[in-house]
Amino acid sequence: MKACAAPSRAPFPDARPSRVVSNRPVGPGWWLLRLEEPSIARASAPGRFVQIRCSEPKACDPLLRRPFSVYWADPEAGTYDVLYTTVGRGTRWMAALTAGPAGGAASSVDVAGPFGNRFTPLGPGERAYLVGGGVGVAPLYFLAREIVARAGPRPQVTLCMGARTRAQLQGIDDFRELPIRSEVATDDGSAGHHGRVTGIFERLLAGEEDPGRVRVYGCGPQGMNESLRAIAVERGLSCEICLEALMACGYGVCFGCVLPIRKELGGDYYNRRTCWEGPVFDARLLHPGIE
Ligand SMILES: Cc1cc2nc3c(=O)[nH]c(=O)nc-3n(C[C@H](O)[C@H](O)[C@H](O)COP(=O)(O)OP(=O)(O)OC[C@H]3O[C@@H](n4cnc5c(N)ncnc54)[C@H](O)[C@@H]3O)c2cc1C
């Protein structure tokens with residue numbers, strides 16, 4: 001199996017204004033923000049993320065930018081999307097953003113990025129399983145669209161998406177518009193399989209005739225990531241997991257997001273920066289009990 005795509009070693013991504021094209025609620029506590037900044041749209045890829053400054057220009061409270069996966073980018077339009085849920089000060093500030101006119105300085109937000117590496121593209125003849133939970137579905141949606149765009153009318157993609165409740169299954173309608181198989185799980189049984197998303201994944205995997213052709217992509221809360229890592233390692237599956245560890249700078253400088261991760265298979269564990277060497281890692285490199 002190839003290792004994950006190497007992180008960009010281009011100069012540090014600039015921070016610049018992105019125009020707010022739209023910012024609309026899409027579910028209880030969930031929002032979809034569309035921003036316009038052509039260089040970020042062009043450089044975005046599934047797994048990469050942006051750092052949004054969640055304060056008015058020249059203000060610095062809260063001081064640290066907030067990281068968000070790119071949900072979708074349209075390089076031709078110069079726009080990129082962020083699907084987010086409001087959990088604290090920064091995301092509540094974002095929820096109040098309103099659209100501004102093209103070319104206007106008003107209604108723009110200061111964004112740096114995109115940062116990090118990306119999921120390895122699906123190879124010819126491979127079958128993709130996208131296993132996501134909570135806000136982790138954001139990079140998986142970008143990946144699903146990319147696979148569909150490259151693979152033609154019958155891409156071999158299965159989404160396994162988990163959430164606490166039906167109302168928290170955000171982004172599922174967007175996935176269902178794609179020609180892929182979508183299965184859902186909820187903790188309370190209000191939609192789909194009653195239980196863990198990795199439960200559906202294991203069930204589907206049992207029906208796979210050739211697990212050697214399967215490539216798994218995951219992104220979710222800590223428990224889901226760990227469970228997926230263990231399944232992948234035990235079965236020898238090709239699997240990449242996008243980690244959304246708490247982080248501060250995004251530039252690999254502060255070492256606030258380090259986790260014990262190997263540099264190569266069978267090697268020692270090092271404190272590796274999720275923001276700079278990741279956020280996407282081969283599951284076999286992750287320490288059991290990641291994050
Ligand atoms: C690489 C990456 C990609 C991300 N992508 C998305 C995305 O696409 N959509 C989205 O909604 N969120 C995403 N997040 C999480 C998002 O960055 C946080 O929700 C956000 O920073 C919270 O900011 P706040 O000021 O609103 O909350 P704060 O006031 O900073 O925190 C509120 C609460 O949320 C917790 N929290 C903050 N960040 C995280 C985190 N990373 N993991 C777990 N708990 C956290 C805090 O511990 C606290 O309990 C991503 C995080 C990372 C690292």
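How many strands form the open sheet, and in which order do they stand? In this predicted model, seven strands form the sheet, in the order β11-β10-β9-β8-β12-β13-β16, with mixed pairing. The edge positions belong to β11 (193–194) and β16 (280–282). Each of these two has a single partner strand, so one side of each is left without a neighbour in the sheet.

Within the sheet, β8 (residues 127–133) and β9 (residues 157–163) pair in the parallel sense, over six bridges. Gly 132 stands opposite Met 161 in β9.

| Helix | Residues | Strands it lies across | Angle |
|---|---|---|---|
| α3 | residues 137–151 | β8, β9, β12 (214–219) and β13 (238–242) | about 155 degrees to β8 |
| α5 | residues 197–206 | β8, β9, β10 (181–186) and β11 | about 155 degrees to β9 |

The ligand is surrounded by 21 residues, and the closest are Tyr 84, Gly 88, Gly 90, Thr 91 and Ala 138. Elements giving two or more residues to this shell are β4 (66–69), β6 (79–85) and α2 (89–95). The largest share, four residues, comes from β4. By class, the shell has 13 nonpolar, five polar and three charged residues.

Why is the ligand said to lie between domain 1 and domain 3? Domain 1 (15–115) and domain 3 (245–291) both give residues to the shell around the ligand, so the ligand lies between them.

Methods
Residues numbered from 1 in each chain as written. Predicted model: local features only at pLDDT ≥ 70, side-chain atom pairs only at ≥ 80, totals over all residues. Near = placed C-beta within 6 Å. Nonpolar A, V, L, I, M, F, W, Y, C, P; charged D, E, K, R; others polar. Domains from an automatic or database assignment. Pairing = 2+ DSSP bridges. Contact = placed C-beta atoms within 7 Å. Axes fitted to C-alpha atoms, helices over the stretch in contact; angles between N-to-C directions.
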